Amino acid sequence: MDKKLITEDGRRLDGRRFDELRPIKFQIGVLKNADGSAYVEWGRTKILVGVFGPRESHPKHLAMPDRCLIRARYHMAPFSVEERKSPAPSRREIELSKVIREALEPAIFVELFPRTTIDIFAEVLQADGSTRCAAISTAALALADAGIPMRDLVSSVAVAKVDGSLVLDVMDAEDKLGDSDMPLAMMPSKNLVTLIQMDGLLTHEEFVKSVELAKKGCMEVYAKQKEALDSHFRIASKEEV
Amino acid sequence: MFKIPINFGTRQLVVPGFLLAEGKYEAGPNVYNEGDKFYSTVIGLAELRNNVVTVIPLRGCYIPSVGDVVIGKVVDVITTAWMLDIRSPWLGVLFAKEHLSKPLNVMKEDARDYLDIGEMIIAKIISFDRTKNPALTTKEQGLGKIQRGTVIEVDPTRVPRIIGKKGSMISMLKKDSGCQIYVGQNGRIWISGKNREDEALVAGAIKKIEAEAHTTGLTDRIHEYLIKNRM
């Protein structure tokens, strides 16, 4: 491969250092019809998440007697990538929906709402790498906005290996041309990992380093999430009854 | 006994997973503990009262509780019962025997003759334990089908503010507008006045309370609002 992803002075294509996140801006409560919602601009990645429920399960046979059902839908808008993406759910989107659901599920007190359903819809408006990580982090905020009891927020970030070095918060070019990609999601104040995936190859040593780097990145995302919740609900917190 | 001080100021804004306290405390609503560590489960305002750590939620749906009076909307009619949307995760069930004075004769009459889809009902919750849908009754003074007036919706977490300390806000609203106002615990409010204008005035005032729920001197400002907007 003759394309260079890292410049001589140790910067990445967009000028970031190895351990630097892209600018992240979360917004809460952007959809009126949803019970909870959030929007993120994560570099050039833009995702809108709406949460509904807990509500009656439909179809009814899906309801579970001891806990609530969680459904997640990850979907990329036809205009989210350079070439038109067919709006029908692809193999990849079905996988990501499952992964997002399983990354968020451990944080939610599902046993408090038996026989009900929580629906999470993540719509990718513009994709530039790390969409699953951005979707998970944003969905956690939308769930919190819906007032659904959770053990902790969930923060997520990906680490990649490009040109032999480990870099935090993978963008599209690094994902496509790099050697490996490892998304990680965690409950930051509990230090519990809820999702870890890996594409490509890493040595044992690199893997350990990647996890460390991703955890550090998650803490930074967590700080941004708390900041977003804080500024959205601050007016309300001034005084009560 | 060694106690680690609590980790928050009074009525501090906390997020899910926020470590509230460590030590010999008790977990109140919206708080969970792992051993001696107490965490918040929702976005809300943290409080410590008599050694119990609680969080007052800022967002959330209505969770039924036995004895609550709620305003429900009929969404389904089955042979001898009505299913009511009470804005909770579960639909409320109003059995015919909890609404009618005599048993419903299913051979001769239809449950729809009494209550039909879309109608609003003031009802009381008589049983609920999360394994079964909440059961309702209308067989008490002041309960039953809503025949006139306006029903508006507010966030269920704002209901205590609309009622006010010892009902101060609601009695002021009633006195200033001359309307009958009934606040359901699930955030639906029934307003019945002499005319539509009075009802719209109260609805506007309630929306103002909801938006400014957490500010001081609200009762006085709402009083001024009602006087100013009433010609």
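**Exercise 1: The surroundings of V162(A)**

Leaving aside residues up to four places away in sequence, V162(A) touches L5(A), I6(A), V167(A), E174(A), G178(A) and D179(A), where contact means heavy atoms within 4.5 Å. This is a predicted model, in which local features need pLDDT of at least 70, side-chain atom pairs count only at pLDDT 80 or more, and totals for chains, interfaces and linings use all residues. Residues are numbered from 1 along each chain as its sequence is written, chains are lettered from A and ligands numbered from 1 in the order in which they are written, and side-chain values use heavy atoms, with hydrogens and water left out.

Task: State in which strand V162(A) is found, and whether V162(A) is buried or exposed.

Solution. 
1. V162(A) belongs to strand β6 (residues 155-162) of chain A; strands (E, at least two residues) and helices (H or I, at least four) are DSSP runs, numbered from the N terminus.
2. The relative accessible area of V162(A) is 0%, so this residue is buried (under 20%; exposed is over 50%, partly exposed in between, with a 1.4 Å probe and protein chains only).

**Exercise 2: Positive phi**

Task: Determine whether D163(A) is buried or partly exposed, and do likewise for D169(A).

Solution. 
1. D163(A), in the loop between β6 and β7 (165-168), has a positive phi of about 45 degrees although it is not a glycine.
2. Its relative accessible area is 39%, so D163(A) is partly exposed.
3. D169(A), in the loop between β7 and α3 (172-177), has a positive phi of about 60 degrees and is not a glycine.
4. Because its relative accessible area is 0%, D169(A) is buried.
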